[in-house]
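Subject: Structure for you to look at

Hello,

Here is the structure I promised to pass on. Please open it and keep it beside this email while you read.

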Amino acid sequence: MAICFFRTIILYLLLIVAVRLMGKKQVGELEPTELVLAMLLSDLASVPMQDFGLPLLFGVLPILILVCLTMILSMMTMKSVRFRELVCGRPSLVIDHGQLLQGELERNRLTVDELMEELRLKGITDFSTVKYAILENSGEMSIIPYDRETAATPRQMNMTVKEDGLPVILINDGRVMTHNLKHMQRDDRWLKEQLSQQGLSSVKEVFLMTLDETGQVNLVKKGEKG
Amino acid sequence: MKRIWISLGILVLVLAGTLVHISGVRSVTGSITDRLDRAEAVVEQGDWEQARQLTQEAKEEWESVDTWFAIMLRVGDTDEVTTGFQEVMGFLQYEETAEYDSANGTLLEKVKHLYETERLSWTNLL
């Protein structure tokens with residue numbers, strides 16, 4: 001069992017190093033530590049599940065050790081910037097003021113074709129119109145065009161626009177979301193008033209009711225097109 | 001920070017548990033092999049009764065840790081020791097010297113193997 005303990009730690013750390021060396025493109029949404037955990041967990045669980053000759057502990061113990069190690073490494077990456085850089089890497093600037101940084105492309109093993117593909121996916125065909133392109137730790141490409149290449153915002157045009165705010169669901173298929181109702185500082189009496197204004201007597205008749213920060217109510221009755 | 005300490009605590013507990021387990025396996029397998037060695041020695045002197053008693057004691061000691069070993073060790077390894085004991089007890093009953101020597105030798109190796117696979121060593125680790 002102690003061998004299992006140390007082997008788990010060695011292989012886990014080795015896999016993290018391997019994932020880091022594979023580069024950002026392989027990582028995806030997860031941190032390297034989480035990706036390695038996800039890679040290992042399913043296999044670890046399936047081995048004692050299928051092989052009755054192995055005690056359950058042969059699967060349980062490594063899983064427990066991996067979860068603890070991931071927890072420790074995740075917390076350490078939160079606490080220390082240097083450690084986070086070591087484990088997760090740091091974002092790489094691949095286009096700077098319309099200039100391709102070939103060294104960074106090479107360092108991240110990113111081909112021009114892949115870069116152009118990422119740009120096209122964002123609707124950009126000419127890299128010189130890009131102010132910054134950053135390969136994030138997750139492997140995603142953040143592309144920031146020059147301001148002159150983007151649509152003007154209301155602020156740039158000195159215009160005032162009404163903020164709609166985030167709509168919150170108050171009634172979901174005839175059920176009142178009491179937590180949301182409380183969060184929006186409304187009560188049952190207010191809800192009944194709203195229903196009666198719509199000619200409804202019960203929440204059961206409502207398919208969806210939302211309320212946004214400006215107080216705008218949106219209601220869809222059951223059987224009605226929303 | 002609390003999560004780090006909890007995780008570290010669990011890791012330390014697991015490590016301590018595995019070390020206690022190794023120590024327990026060494027102690028039990030050591031005691032069993034000692035009895036089996038002595039049984040083999042008294043068979044050479046023709047004292048079959050004493051050999052039966054020592055082997056029976058070793059078997060009882062093995063049975064007392066049966067559940068623990070079944071949880072912590074490979075079932076195949078522990079099953080082999082259990083059947084090995086039955087084989088040795090059979091040869092002791094019929095006082096078959098050659099067969100007993102062979103079966104007891106195999107059983108001794110299987111019991112020693114349990115500790116060998118568990119102990120912390122570079123060979124096992126790598």
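Strands β5 (residues 168-172) and β7 (residues 206-211) of chain A run antiparallel and are joined by four bridges. Helices (H or I, at least four residues) and strands (E, at least two) are DSSP runs, numbered from the N terminus. Two strands pair if DSSP finds at least two bridges between them. Within this pairing, A:Asn172 stands opposite A:Leu208 of β7(A).

This is a predicted model: local features need pLDDT of at least 70, side-chain atom pairs count only at pLDDT 80 or more, and totals for chains, interfaces and linings use all residues. Residues are numbered from 1 along each chain as its sequence is written, while chains are lettered from A and ligands numbered from 1 in the order in which they are written.

Back to the strands. β5(A) and β7(A) belong to an open sheet of four strands, ordered β6-β5-β7-β8 (chain A), with antiparallel pairing. Its edge strands are β6 (175-176) and β8 (217-221) of chain A, and each pairs on one side only.

Chain A has another open sheet of four strands, in the order β2-β1-β3-β4, also with antiparallel pairing. Here β2 (99-100) and β4 (141-145) of chain A are the edge strands. Strand β1 (residues 92-96) of chain A pairs with strand β3 (residues 130-135) of chain A over four bridges. A:Asp96 stands opposite A:Tyr132 in β3(A).

Now the helices of chain A. Helix α2 (residues 32-50) and helix α3 (residues 57-79) of chain A pack at about 170 degrees, with axes 9 Å apart. Axes are lines fitted to C-alpha atoms, for helices over the stretch in contact, and angles run from 0 to 180 degrees between N-to-C directions. α2(A) is therefore roughly antiparallel to α3(A) (the cut-off for that word is over 145 degrees). Residues are in contact if their C-beta atoms, placed from the backbone, lie within 7 Å. Among those in this contact are A:Leu37 and A:Leu41 of α2(A), and A:Ile63 and A:Leu66 of α3(A).

Is helix α8 (residues 188-197) of chain A buried or in the open? One of its ten residues is buried, so α8(A) lies largely in the open. A residue is buried if 20 or more other C-beta atoms lie within 10 Å of its own, with C-beta atoms placed from the backbone. Just after α8(A), A:Gly199 takes a positive phi of about 80 degrees.

For chain A as a whole, count eight helices and eight strands. Buried residues make up 19% of its 226 residues.

On to chain B. The axes of α1(B) and helix α5 (residues 97-118) of chain B come within 9 Å and cross at roughly 165 degrees. These helices are therefore roughly antiparallel to each other. Their contact includes B:Ile22 and B:Leu36 of α1(B), and B:Leu107 and B:Tyr115 of α5(B).

Last, where the chains meet. The contact takes 22 residues from chain B and 17 residues from chain A. On the side of chain B that touches chain A, α1 (2-44), α3 (66-72), α4 (75-93) and α6 (122-125) of chain B each supply at least two residues. α1(B) gives the most, with twelve residues.

Best wishes

Methods
Contact = placed C-beta atoms within 7 Å. Parallel < 35°, antiparallel > 145°, perpendicular 65-115°, else oblique. Buried ≥ 20, exposed ≤ 12 C-beta atoms within 10 Å, placed from the backbone.
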